[in-house]
Each structure stands twice: as C-alpha cells, then as structure tokens.
Amino acid sequence: MIKFIQYNLVALLSVFITRSLIIPMDHFNSDIGNNLWLPMGAVLLAYLLFGFRVFPGLLIGYLLAEVFIEGGTANIAQHEVISRTVNTLIPLLVIMLMQKISMGNFIKNQQLNYWHVLPLIVIASVTTTFAKVALLYAPEQFSAGKVYFQSYVQGDIAGAVVFIVVVFFMAKATLIRRKVI
C-alpha cells in the first residue's frame, strides 16, 4: 500500500510539474497544440516504471494542473476533463496492446529499449490525438483539421522524447538503487 501511494504521488507530481512548466508555451488558440507536451512523457514513463496502478495519480495530477492553470474549478470545462482523461487512459491502453503483441519490452537490462519506446511514443501520441478529435469535436466544428492534428501529435512526440530521455538518464542510478528498474 505504501508503494502504491508513493508511486501515485510521484506520478501526480510529475504530471503537475511538467504541465505547469510548459504554460508559457501554450498557444492562445486551442486548435494549435503545445510544441513540447512534457506531460505525455511523464505519463508514459510513469506507466513504464510503476505500471497501471499509477492511473489515479496521473489523472489527478492532470486535473490539479488544470485547476491551477485556470485559477479554480469554476473555469474547468468538460472539454478539459475529457481531454485529460484521454491523455491518461490512451497511453495505458497502447502499452497494454504493445505488450500483447510482444513489443512491450520497454526497459531491458536497466536500459531504455529504443526499438520499443519510440514506437510507443509515436503510437500513443497519434492515438491520443485521434481519440480527442473523435470525442471532443463534431465534424462541422473541426475547422483546424490538419493543423490541430499535426501540432498536437508533434508536441506529444517531442515532449515525450525529451522527458523520457532526460528523466530516465538523470534518475537512472536512483531507479536502479530503489529496484524500480
């Protein structure tokens, strides 16, 4: 139970902090995504290190970050709740699918297995963006189309690569010492 709480707290803080760090890069038009969506990397790495049990911490971290950014719960739209739930759930489903088809060996011999991690990042980014488009936009509302899709996918991929590579290598000794990897 203590590990569950610790892992969820780490997951919550990683998403909250990464989302807060990239506020200056947010675009005023929500049809254009952030160029460096670090929370995608935080979500993926948390799942890779701690498993599916960190879902609550990741989702709460996302929602708390939105409350912080928007200045309170009154300004949180249903759109944000759905979007952040998708951002938390879809990567988990992609990891489960990749494990099912024997591409789920993401950390091998205490090293990142780039042959599995990079496809994970790309598939999770594309799938997450497709899911948000399908759930949040009616065809007649979706004016940005190509720009929306490209900017969100590119931001997710760039943010995930940067976060995972930097954090994994900075914290590798700690992860090994604590027997996380």
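**Entry 1**

I looked up F16 and found it partly exposed, with a relative accessible area of 23%; the scale calls a residue buried under 20% relative accessible area, exposed over 50% and partly exposed in between, with a 1.4 Å probe and protein chains only. The model is a predicted one, in which local features need pLDDT of at least 70 and side-chain atom pairs count only at pLDDT 80 or more, while totals for chains, interfaces and linings use all residues. I noted that residues are numbered from 1 along each chain as its sequence is written, and that side-chain values use heavy atoms, with hydrogens and water left out.

Rings of Phe, Tyr and Trp (its six-membered ring) pair if their centres lie within 6.5 Å; planes under 30 degrees apart count as stacked, over 60 as edge-to-face and the rest as tilted. One of the pairs is F16 with F68, tilted, at 5.6 Å centre to centre and 55° between the planes. This pair links distant parts of the chain, F16 in helix α1 and F68 in helix α3, 52 residues apart. For helices I used DSSP runs (H or I, at least four residues), numbered from the N terminus. F68 is exposed, with a relative accessible area of 51%.

**Entry 1: a second aromatic pair**

I recorded ring centres 4.8 Å apart for F130 and F149; their planes are at 40°, so the pair is tilted. F130 belongs to helix α5 (residues 114-136) and F149 to helix α6 (residues 146-177), 19 residues apart, and the pair links distant parts of the chain. F130 is partly exposed at 49% relative accessible area, and F149 is partly exposed at 24%.

**Entry 2: α1 against α3**

How do helices α1 and α3 pack, and at what angle? I found about 35° between helix α1 (residues 2-21) and helix α3 (residues 55-70), with their axes 7 Å apart. The axes are lines fitted to C-alpha atoms, for helices over the stretch in contact, and angles run from 0 to 180 degrees between N-to-C directions. The crossing is right-handed, the near helix being turned clockwise from the far one by less than a right angle.

I listed the contacts (heavy atoms within 4.5 Å): residues of α1 including F4, L12 and F16 meet residues of α3 including L58, Y62 and F68. By class, this contact of α1 with α3 has 14 nonpolar, four polar and two charged residues. Ala, Val, Leu, Ile, Met, Phe, Trp, Tyr, Cys and Pro count as nonpolar, Asp, Glu, Lys and Arg as charged, and the others, Gly among them, as polar.

I also checked the length of α1: its 20 residues reach 28 Å from first C-alpha to last, close to the 28 Å expected at 1.5 Å a residue. The expected span is 1.5 Å times one less than the number of residues. Among the buried residues of α1 are Y7, A11, V15 and R19.

**Entry 3: α2**

I found that 13 of the 13 residues of α2 are buried, so this helix is largely enclosed by the rest of the structure. Helix α2 (residues 38-50) should span 18 Å, and its end C-alpha atoms are 18 Å apart, which agrees. G51 follows α2 and has a positive phi, near 85°.

Is S83 buried or exposed? I found S83 in helix α4 (residues 78-100), and it is buried, with a relative accessible area of 4%. Not counting residues up to four places away in sequence, S83 touches K132 and L136.

L93 also lies in helix α4, and at 41% relative accessibility L93 counts as partly exposed. L93 and M170 are 77 residues apart in sequence and 27 Å apart in space, C-alpha to C-alpha.

Terms used: Helices (H or I, at least four residues) and strands (E, at least two) are DSSP runs, numbered from the N terminus.
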